[in-house]
Amino acid sequence: MDAAEGLVRCINPITETGELEMKWSYNSSIGNRANGFKEPNDWGCIYPPAKGTRQSPINVDTSMASRPAALKDNPLKINVSRNHTDVQRIMRIPHNFAVKVEGNGTLEGGPLKKNEIYRLDHFMFKIEENGGSEHTINNKSYPAELQMYFYNTKYNTIDRASDFEDGVACVIIMYELNHFPQNDAIYKMLQAYYSLNNSTSNALVSRPIDIPSLYPADTTTYYTYRGSLTAPPCTECVTYIILKDRKTMQATQLDKLLQVHRERGCCRDGGNCRPLQATNGRCICYGSKCACASKKSYPPYRFTFLKRNSLLTFI
């Protein structure tokens, strides 16, 4: 790519109303570029945080992970009720679907500051066209990756929390394939997906999804690091917690997830996973606390022109 081509690809498109046009794609196809979609390597042209040093996803090299003694007085706790009192909505967002949760699900402890509580906002799957997770562990990609997003309640909303480096926490569960039994929670997610048509952006989940069955019972062992959102604006506001234990789904369920993403207009360009980013010397920790995680404080990126929209629009 010569300098002139690079300049053209980095021109910020402006709409007739003077607003920044936010067209981006996970795929680097010629067709996407011809239609004005920014491929991952060009996101930084419009979204400066994408050029940061704490970008996600990454490969987790467990041999390099710090292994501090677990803090028994501050274990990681995912508190999500099974009584289905939370309101759940299935939402279509750029290149994906997400389940928005309005309820009392919380996350606390572990690598998060003591006595701070994070509230569950939404969860979604990240998958490649032929099956594949967004993060990798020891260069291994898993068939699918579930991401559960929580926001720090001291900031009141996930939009405001995204302005701060301690604003958002994401619990990641890697999924492997099995032949049986069927994962009932994913079955209900698929039902909710199919309730949307091409003209509907969101709908109430009529059969509530049992959220605790989406993550393993043991949440005491995990890898954690400081990173960013994996879609524009790529703000460096996320504490990632990748659970060591995994869950399973049927191969046919993965096929249906991929199929519904293609048919309903989410992932027609080959998946919804951002390419792996450089770790840049970041500390990856195994356990509940990492001493090196607090050695350096990074200033947040602020995007006032995005605040009229929900952060969920960009994840």
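How many salt bridges does the structure hold? The model is a predicted one, in which local features need pLDDT of at least 70 and side-chain atom pairs count only at pLDDT 80 or more, whereas totals for chains, interfaces and linings use all residues. Residues are numbered from 1 along each chain as its sequence is written, and side-chain values use heavy atoms, with hydrogens and water left out.

The structure holds 10 salt bridges, a salt bridge being a side-chain nitrogen of Lys or Arg within 4 Å of a carboxyl oxygen of Asp or Glu. One of them joins the side chains of Arg-82 and Asp-210 at 3.0 Å, N to O. Arg-82 counts as exposed at 51% relative accessibility, while Asp-210, at 17%, counts as buried (buried means under 20% relative accessible area, exposed over 50%, partly exposed in between, with a 1.4 Å probe and protein chains only).

A further salt bridge is formed by the side chains of Glu-116 and Lys-154 (2.9 Å, N to O). Lys-154 also forms a salt bridge with Asp-166, with the closest N and O atoms 3.0 Å apart. Through shared partners, salt bridges join Lys-113, Glu-116, Lys-154 and Asp-166 into one network. Within this group, Glu-116 is buried, with a relative accessible area of 14%, and Asp-166 is buried at 12%, whereas Lys-154 is partly exposed at 42%.

Glu-116 is also among the residues in contact (heavy atoms within 4.5 Å) with Leu-107, leaving aside neighbours of Leu-107 within four places in sequence.
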